[in-house]
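Subject: Structure for you to look at

Hello,

Here is the structure I said I would pass on. Please open it next to this message and follow along; my notes come below it.

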Amino acid sequence: MSKFPAVTLDDVRAVSPVLARYTEEAIVNGVWKRPQLSPRDRSIVTVSALVASERTIGFAHYFNLALSTGVTPAELSEIITQIAFYAGWSAAFSAVAVLKDIFAERGIGADQLPEVSPTPLSAAEVLPGDEARVAVLKDHFAPIVPALVDITNELLYGDAWLRPGLSPRDRNLVTVTAFIATRQAEFLQMYLEKAAKSGVTKEDIAEAITHLAFYIGWPAALSAANVASRYFEGQEM
């Protein structure tokens, strides 16, 4: 029995019957049933948002759901590592505190986790068009925080982004979700452009934002939709 039990519908019903009805109708039998994203993709988006925003009450339920909808232990491990760079190490450690018990309960051992130092994917495959990011860092940030730029280029983009434990599409979906969940709108458009180059479609983004409204709130979802709208309008010109 996990020491981080999930809140059940009965728990919710005991406090707010209306919230329980909305949860069952709009989330469990509503947005999760929409065909625009697969259950696996919805799990990736949900877990990424919850971890990035440290909404720990949902961890146990949604980590288990992710494992049941096709997200592998290795992929969950990689998602948490990726989120560490975009929401901070504390956010990732909060997830570790819960997921370690779930892995133990399910008999998931080191043999099912990613290699520490695997053969990296090629930068050309993972980071097409990365010149724009490099230029922004060099022109705007290197004069102020040169060490941060070096670490970004060498550790984040030269190592973490090239790990084969997540497909380039999934890694982009995780990262875009982290930006949306933490309401970091300044660079969201750049990351939407990166995601599009790796196979994340306009429809994927639209549905992910719709899905996320239930997990991070309507204001954050609409803020992301505003940025996405400007990006997609530019693509249609």
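Glutamate 54 has a relative accessible area of 39%, so this residue counts as partly exposed. Please keep in mind that the model is predicted. You will find glutamate 54 in the loop between helix 3 and helix 4. The backbone here deserves a look: glutamate 54 is not a glycine, yet its phi is positive, at about 55°. As background, most residues other than glycine have a negative phi. Arginine 183 is another non-glycine residue with a positive phi, near 55°. Arginine 183 sits in the loop between helix 10 (168-181) and helix 11.

From glutamate 54 you can go on to alanine 74. Alanine 74 belongs to helix 5. In sequence, alanine 74 and glutamate 54 are 20 residues apart, and their C-alpha atoms are 21 Å apart in space. Leaving aside residues up to four places away in sequence, alanine 74 touches Gln112, Leu113 and Pro114.

Next, two pairs of helices.

Helix 5 (residues 73-87) also takes part in a crossing with helix 3: the two axes come within 10 Å and cross at roughly 40°. Helix 3 and helix 5 are therefore oblique to each other, and the crossing is right-handed. On the helix 3 side the contact is made by Arg40, Ile44, Val47, Ser48, Val51 and Ala52, and on the helix 5 side by Glu75, Leu76, Ile79, Ile83 and Ala87. Sorted by class, the residues of this contact are eight nonpolar, one polar and two charged.

The other pair is helix 11 (residues 188-197) and helix 13 (residues 218-235). Their axes come within 9 Å and cross at roughly 60°. Helix 11 and helix 13 are therefore oblique to each other, and helix 11 passes helix 13 in a right-handed crossing. Which residues of helix 11 meet which residues of helix 13? From helix 11 they are Leu188, Gln189, Leu192, Glu193 and Ala196, and from helix 13 they are Ala224, Val227, Ala228, Arg230 and Tyr231. This contact of helix 11 with helix 13 has seven nonpolar, one polar and two charged residues.

Now the aromatic rings.

How many aromatic pairs does the structure hold? There are eleven aromatic pairs. One of them is tryptophan 32 with tyrosine 62: the ring centres are 6.1 Å apart and the planes are at 20°, so the pair is stacked. Tryptophan 32 is in the loop between helix 2 (17-28) and helix 3 (39-52), while tyrosine 62 is in helix 4 (residues 59-68), so the pair ties together parts that are 30 residues apart in sequence. Are these two residues buried or exposed? Tryptophan 32 is buried, and tyrosine 62 is buried too. Phenylalanine 85 and tryptophan 89 also form an aromatic pair, which is edge-to-face, with 5.1 Å from centre to centre and 80° between the planes. Phenylalanine 85 has a relative accessibility of 25%, so this residue counts as partly exposed. Tryptophan 89 is partly exposed as well, with a relative accessible area of 46%. Finally for the rings, Trp32, Tyr62 and Tyr215 make up one aromatic cluster.

Phenylalanine 141 lies in helix 8 (residues 131-141). With a relative accessible area of 29%, phenylalanine 141 is partly exposed. What does phenylalanine 141 touch, not counting residues up to four places away in sequence? Its contacts are Val136, Pro146, Val149 and Phe187. Phenylalanine 141 and alanine 185 are 44 residues apart in sequence, and 18 Å separates their C-alpha atoms in space.

Aspartate 150 is in helix 9 (residues 146-156). At 42% relative accessibility, aspartate 150 is classed as partly exposed. Between aspartate 150 and valine 134 there are 16 residues of separation in sequence and 11 Å in space, C-alpha to C-alpha.

That is what I have for now.

Regards

Definitions and conventions: Residues numbered from 1 in each chain as written. Predicted model: local features only at pLDDT ≥ 70, side-chain atom pairs only at ≥ 80, totals over all residues. Heavy atoms only, no water. Axes fitted to C-alpha atoms, helices over the stretch in contact; angles between N-to-C directions. Helix = DSSP H or I, 4+ residues; strand = E, 2+ residues; numbered from the N terminus. Parallel < 35°, antiparallel > 145°, perpendicular 65-115°, else oblique. Left-handed = near helix turned anticlockwise from the far one by under 90°. Contact = heavy atoms within 4.5 Å. Nonpolar A, V, L, I, M, F, W, Y, C, P; charged D, E, K, R; others polar. Phe/Tyr/Trp six-rings, centres within 6.5 Å; stacked < 30°, edge-to-face > 60°. Buried < 20%, exposed > 50% of the residue type's maximum accessible area, 1.4 Å probe, protein only.
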